Amino acid sequence: MHDTSTGSTGNTARPSRRTVLAATAGITAAMAVGGTAHAAADDDNRLRTLISRMTLEEKVGQLFVMRVYGHSATSPDQADIDANLKEIGVRTAAELIARYRVGGIIYFTWAHNTRDPHQIADLSNGIQKASLQQPRGLPVLITTDQEHGIVCRVGKPATLFPGAMAIGAGGSRADAHTLGRISGAELRAIGINQDYSPDADVNVNPANPVIGVRSFGADPDAVAGLVAAEVKGYQASRVAATAKHFPGHGDTAVDSHFGFPVITHSRELWEKLDAVPFRAAIKAGIDSIMTAHIQFPALDDSGDPATLSRPILTGILREELGYDGVVVTDSLGMEGVRTKYGDDRVPVLALKAGVDQLLNPPSLDVAWNAVVKAVRDGELTEARLDESILRILRLKAKLGLFDEPYVSGAGVDRTVGAPAHLAAADRIAEGTTTLLVNEGRLLPLSRRTHKKLLVVGADPASPSGTTGPPTGVLAAALTELGFTATALSTGITPSAATIAKAVAAAREADAVVVGTYNVTAGSSQKTLVEQLLATGRPVVAIAIRNPYDVAQLLSVPACLAAYSWTDVELRAAARVVAGRVKPRGKLPVPVQRADDPAKVLYPIGYGLSY
């Protein structure tokens with residue numbers, strides 16, 4: 001049979017539906033919305049029959065969602081084969097599935113899984129084929145982190161939307177739903193059926209190094225409405241949405257990738273703040289919820305991370321909030337979950353806490369064998385594993401993976417980056433740009449008086465590897481709008497020589513646009529802006545990540561918040577600068593004064609217009 005992972009999706013010979021277990025026939029249809037309770041019970045009986053036929057090793061495999069290097073399920077590049085052998089002990093995705101029978105695969109850009117839409121679709125088909133050809137083979141949950149904005153694994157030509165905080169600035173639940181629906185349709189077309197999005201954290205800490213603009217904002221009710229809308233959008237396109245990071249990662253100054261954050265909220269504050277978006281997600285029918293590697297003493301004073309906390313995951317999430325969907329850990333390779341226990345204990349403790357899916361352990365061999373041993377030693381029961389596997393199989397059935405696990409090249413061509421999708425992303429972005437300062441009505445810039453523009457600033461790497469650089473994107477967009485714009489990348493930490501070069505170039509321009517990136521009191525970006533202002537040329541600052549930059553740039557006559565440095569947000573900001581559209585975004589977070597953080601400089605809901 002032709003290998004689905006190396007040929008074109010348009011010509012792929014896919015196994016017939018008979019390859020998918022006959023025992024699952026009709027499960028998907030019966031689990032569709034509107035199915036009766038009797039039908040649901042019937043479906044569960046079918047799924048339980050599948051589970052009863054599985055070996056212990058197959059059951060353990062279903063619980064894991066694993067990374068794997070390569071653009072193909074069977075024929076990756078040699079460098080990716082070498083990386084797989086080093087990290088996982090297998091050569092390919094197909095070998096990973098054959099050895100460990102994993103229930104899920106996660107795609108990353110750095111693992112070379114996401115080169116282009118047809119390649120991704122072929123990889124997805126190859127993964128499904130490899131799994132379904134096993135004895136008692138099951139379809140695979142294929143997932144990724146497609147949050148949009150600053151966290152994005154699938155790049156152009158797929159449609160890329162503004163990130164969560166930008167959507168928060170737009171404030172439209174309809175737009176959040178549209179984002180989910182379109183992004184979901186494009187992910188589904190390339191074989192990705194679960195998305196680790198939306199972020200349901202309420203970002204109340206401006207110093208938060210890991211959430212920030214990935215959050216819809218600081219108002220729990222506003223965040224909740226946008227989370228629920230996006231969830232419904234994704235799931236309308238038959239992609240499982242995932243609210244994260246339970247019980248709430250919004251108020252931390254520590255990145256759980258590298259440390260072990262402690263949230264000091266009281267139980268009462270948690271109920272009023274962090275819990276609100278998760279309750280809304282559950283009410284909206286969320287398919288999966290991701291845990292946080294944080295310590296939350298008011299909810300569990302044991303010192304364990306929430307990912308390993310039975311009081312939090314079973315006591316609160318399952319029993320108090322009434323959630324019975326899939327619970328997935330955040331990556332088990334992150335430092336926040338590895339600080340207290342060894343890599344062999346973490347997966348076992350997570351399952352004992354109430355987790356269903358174990359995401360991306362640093363060593364799959366260690367983690368997988370630890371779970372097998374825990375069952376054989378009696379620390380975990382097979383019945384406990386069966387509970388989680390039933391939830392996972394229910395989700396696979398709901399998503400239609402038992403009936404049609406494969407995707408087609410025609411579906412890719414019809415769906416991914418469709419003109420109507422790209423137009424929707426641009427339209428949504430236009431409502432997000434937030435004007436914070438506009439002294440003397442400098443904006444919109446006139447092409448008559450400010451024809452020649454210099455664009456300088458930070459050029460952080462593209463989240464998806466397919467966009468940017470920001471200064472170039474802004475300059476091109478402004479030139480297209482009738483200006484003559486030149487780009488000069490000055491970086492996140494411009495040197496004195498770089499600043500001098502920018503100042504010299506500014507003297508030859510009519511105005512300067514500077515893209516700022518998380519400016520601090522001691523940042524040389526602040527020095528750059530001050531020296532540009534000293535030339536006497538008008539300076540327009542665009543905060544391309546956190547909107548808090550404006551508090552450090554009190555002398556600039558005009559300042560906008562774009563909330564991310566991806567093309568769609570920068571093009572929207574350029575249209576606002578040029579007056580092609582009026583700024584309509586409103587701050588979804590408060591901006592505190594830099595010299596006195598107890599005082600608010602700009603409140604939630606602030607935003608100027610023309």
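**Reading helices, burial, backbone and pockets**

Student: What span should the 13 residues of helix H15 (residues 364-376) have at 1.5 Å a residue, and how far apart are its end C-alpha atoms?

Tutor: The expected span is 1.5 Å times one less than the number of residues. For H15 that gives 18 Å, and the end C-alpha atoms are 18 Å apart, which agrees. Helices (H or I, at least four residues) and strands (E, at least two) are DSSP runs, numbered from the N terminus. This is a predicted model, in which local features need pLDDT of at least 70 and side-chain atom pairs count only at pLDDT 80 or more, while totals for chains, interfaces and linings use all residues. Residues are numbered from 1 along each chain as its sequence is written, and side-chain values use heavy atoms, with hydrogens and water left out.

Student: Which residues of H15 are buried, and which elements do they pack against?

Tutor: Buried means under 20% relative accessible area, exposed over 50%, and partly exposed in between (1.4 Å probe, protein chains only). In H15 the buried residues are Leu364, Ala367, Trp368, Ala370, Val371, Val372, Ala374 and Val375. Packing is read from contact, meaning heavy atoms within 4.5 Å. The partners of these residues include helix H3 (56-62), helix H14 (346-353) and helix H16 (382-398), and strands S1 (64-66) and S8 (358-359) are also among them. Just after H15, Gly378 has a positive phi of about 90°.

Student: Is H8 largely enclosed or open, and why?

Tutor: H8 is largely enclosed by the rest of the structure, because 12 of its 17 residues are buried. Among them are Asp175, Glu186 and Arg188, together with Leu179, Ile182 and Leu187.

Student: What caps the N-terminal end of H8, and what follows the helix?

Tutor: A polar contact is a pair of N or O atoms within 3.5 Å; within protein, one must be able to donate a hydrogen and the other to accept it, and residues adjacent in sequence count only if both atoms are side-chain atoms. Here Ser172 is the cap, with a side-chain oxygen 3.3 Å from the backbone nitrogen of Ala174. Just after H8, Gly191 takes a positive phi of about 90°.

Student: Which helices do the buried residues of H18 pack against?

Tutor: They pack against H7 (164-170), H8 (173-189), H17 (409-415) and H22 (567-577). The buried residues are His421, Ala424, Ala425, Ile428, Ala429 and Glu430. H18 (residues 419-430) reaches 17 Å from its first C-alpha to its last, close to the expected 16 Å.

Student: How much space lies in the largest pocket, and which residues are closest to its centre?

Tutor: On a 1 Å grid over the protein atoms alone, a cavity is a set of points where a 1.4 Å probe fits but cannot get out, and a pocket is an open set with protein on both sides within 12 Å along at least five of seven lines; lining residues have an atom within 4 Å of a point. Grid points are joined across faces, edges and corners, and a volume is the space filled by probe spheres set on the points. The largest pocket holds about 770 Å³. Of its 37 lining residues, Phe108, Arg153, Arg214, His257 and Met334 are the closest to its centre. By class, the lining has 20 nonpolar, 7 polar and 10 charged residues. Ala, Val, Leu, Ile, Met, Phe, Trp, Tyr, Cys and Pro count as nonpolar, Asp, Glu, Lys and Arg as charged, and the others, Gly among them, as polar.
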